[in-house]
Amino acid sequence: MSARAQRNAEIQVNGKRTLGPVLEFMRTLWALDHALQSASKRMESRLRITAPQRLVVRIVGRYPGISAGELSEILHLHPSTLTGILKRLGDRGLLERHPDPSDARRALLSLTSKGRTVDDLRTGTVEAAVRRALARVRPASVQHAREVAEVLAAELTRMG
């Protein structure tokens, strides 16, 4: 069977349209991205913090005194992208910067009491939805999904 005939065969399975494994996976990723963006906007309107901002709060809460460089490595974000998030969190009084005693050029991050309140939120967050979803799936499946996501992220990064 030619490649074109195989692609056409993939379009119809049991009378239903399919996209084939690559396009089906991409469709799922797009749906996930859209759902994350929408949930983050709803979270911001209710809790006044976006999902990416809250993730930063959660990590700084877990690792008080973390540097912006270490945080950008954990999040796989370019430092300039992280700078905007840190500025907004600082402007809202959720995050503080302290000079690193061993290197005055570096700032260390910590949460304010208001930031710790946001860190303690357990409902109405994207994280809570992820926690509920992960609880419904076998741990091995979660690990496999994470592996696929990490390999895909690396491939997309290499594209740049």
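**Entry 1**

I note that the model is predicted. Both residues lie in helix 8 (residues 139-159), where they are 3 residues apart, about one turn of the helix. I then checked their accessibility. Arg-158 counts as exposed because its relative accessibility is 59%, over the cut-off of 50%. Glu-155, at 44%, counts as partly exposed.

I also followed the salt bridges that share partners: these join Arg-54, Arg-58, Asp-119, Glu-127 and Arg-131 into one network.

**Entry 2. Other salt bridges**

How many salt bridges are there by this rule? I recorded a count of 10. As background, I noted that side chains of opposite charge can pair when their charged atoms come close.

Among the pairs, I examined Arg-131 and Glu-127, whose side chains meet in a salt bridge of 2.9 Å, N to O. These two residues are separated by about one helical turn, because they are 4 residues apart in helix 7. Arg-131 is partly exposed at 42% relative accessibility. Glu-127 is also partly exposed, and its relative accessible area is 25%.

I next examined Lys-87 and Asp-91, whose side chains form a salt bridge of 2.9 Å, N to O. They stand 4 residues apart in helix 5 (residues 79-91), so about one helical turn separates them. Both Lys-87 and Asp-91 are exposed.

**Entry 3. Two buried residues**

Is Arg-54 buried or exposed? I found it in helix 3, and it counts as buried because its relative accessibility is 3%, under the 20% cut-off. Leaving aside neighbours within four places in sequence, I listed the contacts of Arg-54, among them Met-43, Val-118, Asp-119 and Glu-127.

I compared this with Ser-67, which is found in strand 3 (residues 66-67). Ser-67 is buried, with a relative accessible area of 4%. With neighbours within four places left aside, Ser-67 is in contact with Arg-106, Ala-107, Leu-108 and Leu-109.

**Entry 4. Helix 2**

I checked the length of helix 2 (residues 21-47). At 1.5 Å a residue its 27 residues should span 39 Å, and the end C-alpha atoms are 38 Å apart, which agrees. Just after this helix, Arg-48 takes a positive phi of about 65°.

Which residues of helix 2 are buried? I found Ala-39, Ser-40 and Met-43. Their cover includes helix 3 (51-62) and helix 7 (126-135).

I then turned to a nonpolar surface patch of about 920 Å², whose members include Leu-19, Phe-25, Trp-30 and Val-148. Helix 2 gives the largest share of the patch, 8 residues. Leu-23, another member of the patch, is found in helix 2 and counts as partly exposed at 46% relative accessibility.

**Entry 5. The whole chain**

I counted 8 helices and 5 strands in the protein chain. From the N terminus on, the elements run α-β-β-α-α-β-α-α-β-β-α-α-α. The radius of gyration is 20 Å, well over the 15 Å that the globule rule gives for 160 residues, so the chain is more spread out than a compact globule. The C-alpha atoms fill a box of roughly 70 × 35 × 30 Å along the principal axes.

Of the 160 residues, 24% count as buried. The accessible surface comes to about 11,700 Å², and 59% of this belongs to carbon and sulfur atoms. Finally, among contacts between residues at least 6 apart in sequence, I noted that 47% join residues at least 24 apart.

Methods: Residues numbered from 1 in each chain as written. Predicted model: local features only at pLDDT ≥ 70, side-chain atom pairs only at ≥ 80, totals over all residues. Heavy atoms only, no water. Expected span 1.5 Å × (residues − 1). Buried < 20%, exposed > 50% of the residue type's maximum accessible area, 1.4 Å probe, protein only. Contact = heavy atoms within 4.5 Å. Patch = residues over 30% accessible without salt bridge, like charges linked within 9 Å, V, L, I, M, F, W, Y side chains within 5 Å. Areas by Shrake-Rupley, 256 points an atom, 1.4 Å probe, with all protein chains shown as cover. Salt bridge = Lys/Arg side-chain N within 4 Å of Asp/Glu carboxyl O. Rg over C-alpha atoms; globule rule 2.2 N^0.38 Å.
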